[in-house]
Amino acid sequence: MSGIDDTALWSSLPIPALVIDGADQILDINPTAELFLNASLRSVTGQPIWDRLHVDAPLEEAMMRVRKTRTPLFVNDVDVGTGERAPVRCTLQIAPIHGQDERILVLVTPRELAGRITQSQTVKSAAKSAIGMAEMLAHEIKNPLAGITGAAQLISMNLPPEDLELTDLIVEESRRIVKLLEQVEQFGNLSPPDRREVNIHDVLDRARRSALLGYGAHMKILENYDPSLPMAWGDADQLLQVVLNLIKNASEVADAKGGSITLHTYYDHSFRMRRSDGSGQSLPLQVEVVDDGPGIPPHIADDIFEPFVSGRENGTGLGLALTAKIISDHDGWIGVNSVPGRTVFRISLPMAPKPAKLIKRDRKAGL
Ligand SMILES: Nc1ncnc2c1ncn2[C@@H]1O[C@H](COP(=O)(O)OP(=O)(O)OP(=O)(O)O)[C@@H](O)[C@H]1O
Ligand SMILES: [Mg+2]
């Protein structure tokens with residue numbers, strides 16, 4: 001391996017790992033396993049593994065399968081005890097070691113770790129189905145709502161002026177619901193980005209001007225641009241929506257006297273995103289929207305990118321969920337760092353491909 005010492009790797013592995021021989025006897029364990037077993041490597045070497053790891057499941061068959069097929073195997077949700085302490089729910093990974101016939105690697109992942117992973121996946125799929133249901137509801141509610149508004153308007157024609165306030169309330173609140181529903185629908189309708197070369201500074205300028213005319217009128221919006229920033233690869237309209245969402249949120253949390261928002265761009269060539277499928281993407285263009293407001297309320301800080309999470313009285317909680325979706329459709333990354341007085345939303349985007357690639361792409365498209 002490129003310059004990495006196998007021993008260092010073995011001792012850095014943060015998961016208890018054991019190597020056993022053809023007779024299921026322990027040959028080696030890593031320091032994390034020493035901690036897990038509360039025993040030293042020397043004291044366990046040569047001992048049958050299942051004397052040390054008390055597992056509440058018959059594993060003979062699994063071990064035989066791994067040895068025979070020479071493919072790794074997962075055993076989920078087993079209780080693993082070590083003699084001294086209470087058993088812990090774990091996932092076992094059993095894998096043959098390349099080139100060493102009988103030897104097998106056993107990784108013991110306590111559920112705490114494994115559980116966290118599945119939990120976040122559950123949250124994501126729950127969010128997805130919540131959006132699906134909300135979209136369906138949005139569609140269904142709009143029609144009767146139009147009827148209610150129409151009826152209220154008809155009634156208002158024959159009402160004495162002092163009662164008009166009530167029908168006005170019906171009409172106004174219905175409008176508010178329709179607006180909310182439209183936001184929900186927009187979420188589902190978002191088309192994939194139409195990606196081209198985009199000058200991020202143009203996008204930021206458009207956002208800044210439009211915000212200053214509306215919800216950001218009480219704010220100071222400052223620019224701190226790196227003028228040499230290369231072109232990004234994205235959908236200018238969708239990126240505009242992202243920046244507007246961030247400016248809008250910052251404007252909404254600032255107190256009535258106003259506050260300041262800084263739009264900051266810079267280049268960081270070392271920023272790469274790794275994906276679970278092993279591929280990587282360079283995301284060197286950095287755009288930060290920084291505000292000096294009160295900061296994100298701690299109780300929602302971990303979930304602000306989830307739909308329907310809002311810290312505002314009249315918030316729908318869709319702004320950041322939409323923002324995160326757009327950025328992820330751009331293969332980009334969004335993160336946030338917030339303390340009272342300084343909240344930074346950072347977006348990292350890929351660069352536009354080099355002209356040669358563009359030409360190739362255009363040729364392919366028959367242009
Ligand atoms: N710059 C910020 N400073 C402090 N809190 C923030 C900031 N940006 C977002 N938040 C918090 O995150 C919550 C979620 O934001 P999001 O944009 O997703 O929803 P929303 O603004 O409440 O509603 P919507 O955008 O749908 O109208 C906000 O309600 C707010 O509490
Ligand atoms: Mg918002």
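This is a predicted model: local features need pLDDT of at least 70, side-chain atom pairs count only at pLDDT 80 or more; totals for chains, interfaces and linings use all residues.
Close-up 1: Strands here are DSSP runs marked E with at least two residues, numbered from the N terminus, and two strands pair if DSSP finds at least two bridges between them. Look for Val-80, whose bridge partner in E5 is Val-88. E5 also pairs with strand E6 (residues 104-110), again in the antiparallel sense, over seven bridges. Here Ala-95 has Leu-105 of E6 as its bridge partner.

**Close-up 2: helices H8 and H9.** Helices are DSSP runs of H or I with at least four residues. The axes of H8 (residues 200-213) and H9 come within 9 Å and cross at roughly 45°; axes are lines fitted to C-alpha atoms over the stretch in contact, with angles from 0 to 180 degrees between N-to-C directions. That makes H8 oblique to H9, since oblique is what remains once angles under 35 degrees (roughly parallel), over 145 (roughly antiparallel) and 65 to 115 (roughly perpendicular) are taken out.

**Close-up 3: the shell around ligand 1.** Of the 22 residues around ligand 1 (C-beta atom, placed from the backbone, within 6 Å), Ser-310, Gly-311, Gly-315, Gly-319 and Leu-320 come nearest. H9 (236-253) and H10 (319-329) each supply at least two shell residues, and H9 gives the most, with four.

Residues are numbered from 1 along each chain as its sequence is written, while chains are lettered from A and ligands numbered from 1 in the order written. Local features need pLDDT of at least 70 and side-chain atom pairs count only at pLDDT 80 or more, but totals for chains, interfaces and linings use all residues.
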